[in-house]
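I opened my notebook today to look around one protein model. Come along and check each entry against the picture.

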Amino acid sequence: MLGILDHFTTSGIGSCAPRRRERRSRWALLPGLMLAALVVSLWMGADASAASDAPPNVVLIYVDDCGYGDVSALNPEAKFNTPNLDRLARGGVAFTRGYSPDSVCTPSRYGLLTGRYAWRTHLKRGVFGAEAPCLIADGRMTLASLLKSQGYRTAIVGKWHLGMDFPGTPENRDWSQPVRDMPLDKGFDYFYGIPASLNFGILAWFEGRHAAVPPTQYTGKKPNPRYVDYRIRPPYHESRLNERGKSNGFEVAPDFIDNQCLTRFTDKAIEWMKSHAAQSEADQPFFLYLPYTSPHYPVCPLPRFHGEGDAGAYGEFMIETDHHVGRVLKYLQQAGLEENTIVIFTSDNGPERSWEGRIKRYGHDSRGGLREGKRSVYEGGHRVPLLVRWPAGIVDPGRRSDRVVGQVDVLATLADLLDVSLPADAGEDSQSFAAVLTEPAAVEPRLPLVTHGNGRRDYRYAIIDGDWKLVMRDARHEDELYNWSKDRQEQNNLAAAHPEVVQRLTRELTEIVLQGRTTPGPPQSNDTGHWEDLTWITKETP
């Protein structure tokens, strides 16, 4: 990995020496005495030679619209406590500069699972509904398919939001037929959950390719007396059209209700882990992807959480989310799986626009003092909680790291830990952060990270390289250059004062776009040609 040091010169990304795609085991880098001590302490009474080779389980908890300031360990001024998330931070590494791949849902989930930015696909703006061709192409490596190839059993329990192919049409469904082009076709052995966010149909409890109770009824959004958004709850309608001939909205199952999502997902996740332990071969590792629907709208905490915290219903919903994370951690501990399980907690983007009202009413800043929130190209749209705990592997737990880390990096990191080489056409934007976990003193610079605004009128790109962040110009904005170490809130535009940095970062971003990858290796194709939001690149640029 020493070749990437050449990257940090004014000659730009083109000078970067090829980074080795071969992966090496991080265990081999630990001092011998430390490794021996870890093995003895973690595997008392077990065969030490077998223990040292045991691959870790992986539990990836992905929440929806949770801001950096919504974890009390990261925000001492938070108006509610998240003790289980704080436990992850105390027992692992809390990344203070952890970034989602995009500032909205669907593209972030694509980037997390594939290690590739979604703007390389045909999805340049916005998100999917429930029904669409899956954004992950057949044959593209995902976290699930990578781990499955290494002997893992794989499961997703929760919200998918990357497209599914449902039987029939909205006017003529046949729910006896299976759902296609969905998680079971992208590397997962098991799926339980919902197709997309709760502001889209189709809403039912799907398990595998079917819903036990199909979405044969219809509903619109209902008032939420406890928050500014809406609810999805009975009574539902038997007919798609109401008495005025207007649509009744979403397809919904008669047994579906929004505030049951967190409980059902956690129940099913624990149930699946128990079944894995009972059915799998000895020591077969597992990968559980647990994408919760909270604290995305509808904000609908169960009544038992009403009145907790000092940030209204939103705070209650985060407290409930933390409670369910705690249930997962408790199961891992009771099952004897805690030591060799990597638990990753993070969010798909920053907080929904209601963060403004919470500051005024409760003094709680979901952004954690960053600029703006969900959909924005600024830090509040992308910089999110990113907590990693792994008792058997993380050296000196309880640390904070201000190294730039992206969720696109999870694929390369797990490959690195498992000593797996990624092929040239996988994880093109993914760089391992395994050294941060296992070598606290290691200095391993990161290749530039790209972020993307996804608002109604602002689809700008930004590139982060060390302390510098360049927000690219468009028809309504000039270039904006910020220095993170001196200007966390992005208030002082330094573009005019440092034109050489603007030029260098522009070259780097252009190279990243045109080469189809961030990491060294053979160029890869984006899924489309030039698109209009590449305002600084002409169609003729070679």
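My entries below go through the sheet, the helices lying across it, and then the cavities.

**Entry: the sheet.** I kept in mind that I was looking at a predicted model. I looked up the strands and found an open sheet of 10 strands with mixed pairing. I wrote down the order as β9-β8-β7-β4-β14-β1-β15-β16-β2-β17. At the edges I found β9 (210-211) and β17 (399-401); each has a single partner strand, so one side of each is left without a neighbour in the sheet.

**Entry: one strand pair.** I reminded myself that strands of a sheet pair through backbone hydrogen bonds, either parallel or antiparallel. How do strand β4 and strand β14 run? I found that β4 (residues 153-159) and β14 (residues 286-295) run parallel, joined by 4 bridges. I also noted Thr154, which stands opposite Phe287 in β14.

**Entry: the helices.** I looked up helix α7 (residues 312-334), which lies across β1 (57-64), β14, β15 and β16. Helix α7 runs at about 165 degrees to β14. Then I turned to helix α3 (residues 83-90), lying across β2 (92-95), β15 (341-347) and β16 (386-389). My angle for helix α3 to β16 is about 65 degrees.

**Entry: the cavities.** How many cavities of 30 Å³ or more does the structure hold? I noted 3.

How values were computed: Residues numbered from 1 in each chain as written. Predicted model: local features only at pLDDT ≥ 70, side-chain atom pairs only at ≥ 80, totals over all residues. Heavy atoms only, no water. 1 Å grid on protein atoms, 1.4 Å probe; cavity = no way out; pocket = protein on both sides within 12 Å on 5 of 7 lines; lining within 4 Å. Points joined across faces, edges and corners; volume = space filled by probe spheres on them. Pairing = 2+ DSSP bridges. Helix = DSSP H or I, 4+ residues; strand = E, 2+ residues; numbered from the N terminus. Contact = heavy atoms within 4.5 Å. Axes fitted to C-alpha atoms, helices over the stretch in contact; angles between N-to-C directions.
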